[in-house]
Amino acid sequence: MSATTPWTHDEFEAQLREKGAAYHIYHPFNVMLNSGKASPEQIRGWVANRFYYQIIIPQKDAAIMSNCPDREMRRDWIQRIIDHDGRDDDAGGIEAWIRLGEAVGLQREEIVDLRHVLPAVRFGCDAYLNFCRQRPWQESVCSSLTELFAPTIHKQRLANWPEHYPWIETEGLQYFRNRVTQARRDVEQGLAVTLNYFNTRPLQERALEILKFKLDILWTMNDAMMLHYGLAGGSKDFSA
């Protein structure tokens with residue numbers, strides 16, 4: 001096959017999925033969390049910092065919608081904002097994450113005022129949001145495809161955390177339960193857009209670059225937390 005020949009949908013999807021080798025599930029900080037070696041302070045630090053990512057998600061989805069002229073796509077995509085912001089009796093994913101924070105010993109106030117968010121975490125999340133504001137909506141949809149790999153990490157947390165961290169109230173893990181189903185649905189939507197839009201070899205290679213960009217952001221967030229909070233046996237003061 002020529003280097004300029006587009007991959008088939010199956011070949012292209014396989015290329016996208018291969019990028020999962022760089023997913024932050026394999027980062028030493030995440031490995032520590034999911035293997036039961038994290039201290040309460042390290043878990044609290046991770047939850048507090050990831051909250052900033054959670055509040056960025058509906059903003060980036062709104063940015064995607066603002067750049068998208070396709071009414072039917074907007075009608076479907078808006079569900080992602082509802083999933084995180086909530087509506088009516090559904091408190092949404094952001095509230096579920098706050099409850100996770102409370103379950104690990106954080107106070108609501110210190111979660112929502114972002115006092116523990118590290119500069120590098122904030123920078124990475126802001127870079128992701130700015131990308132989605134400035135780039136064509138199809139590229140922004142492609143950047144969301146780290147969701148391809150998310151159900152695995154959510155299932156690991158649901159399986160491992162109650163055993164490793166029995167002090168965490170199980171009700172606080174509801175965010176992960178919700179996302180196992182939601183992420184699967186979101187993947188189908190985002191993957192369909194990506195496979196159809198990126199239909200030349202240069203565009204397909206661009207899609208792989210975009211996915212790597214997003215994977216690098218998630219990895220860098222863990223780098224920052226590892227540097228600040230340490231690894232197993234070397235945790236630092238949470239308040240530092």
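**Briefing: core, cavity, pocket and selected residues**

Ile98 lies in helix α5, helices being DSSP runs of H or I with at least four residues, numbered from the N terminus. At 4% relative accessibility, Ile98 counts as buried; buried means under 20% relative accessible area, exposed over 50%, and partly exposed in between, with a 1.4 Å probe and protein chains only. The model is predicted, so local features need pLDDT of at least 70 and side-chain atom pairs count only at pLDDT 80 or more, whereas totals for chains, interfaces and linings use all residues. Residues are numbered from 1 along each chain as its sequence is written, and side-chain values use heavy atoms, with hydrogens and water left out.

**Surroundings of Ile98**

- Not counting residues up to four places away in sequence, Ile98 touches Phe51, Arg108, Ile111 and Val112, where contact means heavy atoms within 4.5 Å.
- The C-alpha atoms of Ile98 and Thr194 are separated by 32 Å, and these two residues are 96 residues apart along the chain.

**Nonpolar core**

- The largest nonpolar core has 75 residues, of which Leu16, Ile43, Trp46 and Trp161 touch the most other members.
- Helix α3 gives the most to this core, with 13 residues.
- A nonpolar core is a set of buried Ala, Val, Leu, Ile, Met, Phe, Trp, Tyr and Cys residues joined through side-chain atoms within 4.5 Å.
- In soluble globular proteins, nonpolar side chains tend to be buried together.
- Leaving out residues up to four places away in sequence, Trp46 is in contact with Phe29, Leu33, Trp97, Arg157, Trp161, Phe176, Asn222 and Met225.

**Buried polar residues and their contacts**

- Asn34 is placed in helix α2, residues 28-34, and is buried with a relative accessible area of 7%.
- The side chain of Asn34 makes a polar contact with the side chain of Trp161 at 3.1 Å.
- A polar contact is a pair of N or O atoms within 3.5 Å; within protein, one must be able to donate a hydrogen and the other to accept it, and residues adjacent in sequence count only if both atoms are side-chain atoms.
- Beyond its neighbours within four places in sequence, Asn34 touches Ile153, Gln156, Arg157, Asn160, Trp161 and His164.
- His27 is found in the loop between α1 (9-18) and α2, and is buried with a relative accessible area of 1%.
- Apart from residues up to four places away in sequence, His27 is in contact with Trp219, Asn222, Asp223 and Met226.
- Ser143 belongs to helix α8, residues 137-143, and has a relative accessible area of 0%, which makes Ser143 buried.
- The side chain of Ser143 reaches the backbone oxygen of Ser140 at 2.6 Å.
- Ser143 and Leu211 are 5.2 Å apart in space, C-alpha to C-alpha, and 68 residues apart in sequence.
- With residues up to four places away in sequence not counted, Ser143 touches Tyr128, Phe131, Cys132, Ile210 and Lys214.

**Cavity and pocket**

- The structure holds 1 cavity of 30 Å³ or more, and about 260 Å³ of space lies in the largest cavity.
- On a 1 Å grid over the protein atoms alone, a cavity is a set of points where a 1.4 Å probe fits but cannot get out, and a pocket is an open set with protein on both sides within 12 Å along at least five of seven lines; lining residues have an atom within 4 Å of a point.
- Grid points are joined across faces, edges and corners, and a volume is the space filled by probe spheres set on the points.
- The largest cavity is lined by 23 residues, and Tyr53, Ile57, Glu147, Ala150 and Arg179 lie nearest its centre.
- Helix α3 gives the most to the lining of the largest cavity, with 5 residues.
- By class, this lining has 9 nonpolar, 5 polar and 9 charged residues; Ala, Val, Leu, Ile, Met, Phe, Trp, Tyr, Cys and Pro count as nonpolar, Asp, Glu, Lys and Arg as charged, and the others, Gly among them, as polar.
- The largest pocket has a volume of about 200 Å³.
- Of the 16 residues lining the largest pocket, Gly92, Ala96, Arg99, Gln174 and Asn178 are the closest to its centre.
- Helices α5 (92-103) and α10 are the elements that give two or more residues to the lining of the largest pocket.

**Positive phi**

- Most residues other than glycine have a negative phi.
- Asp88, although not a glycine, has a positive phi of about 55°; Asp88 is found in the loop between α4 and α5 and is exposed, with a relative accessible area of 74%.
- Leu114, also not a glycine, has a positive phi of about 65°; Leu114 is in the loop between α6 (108-112) and α7 (119-134) and is buried, with a relative accessible area of 16%.
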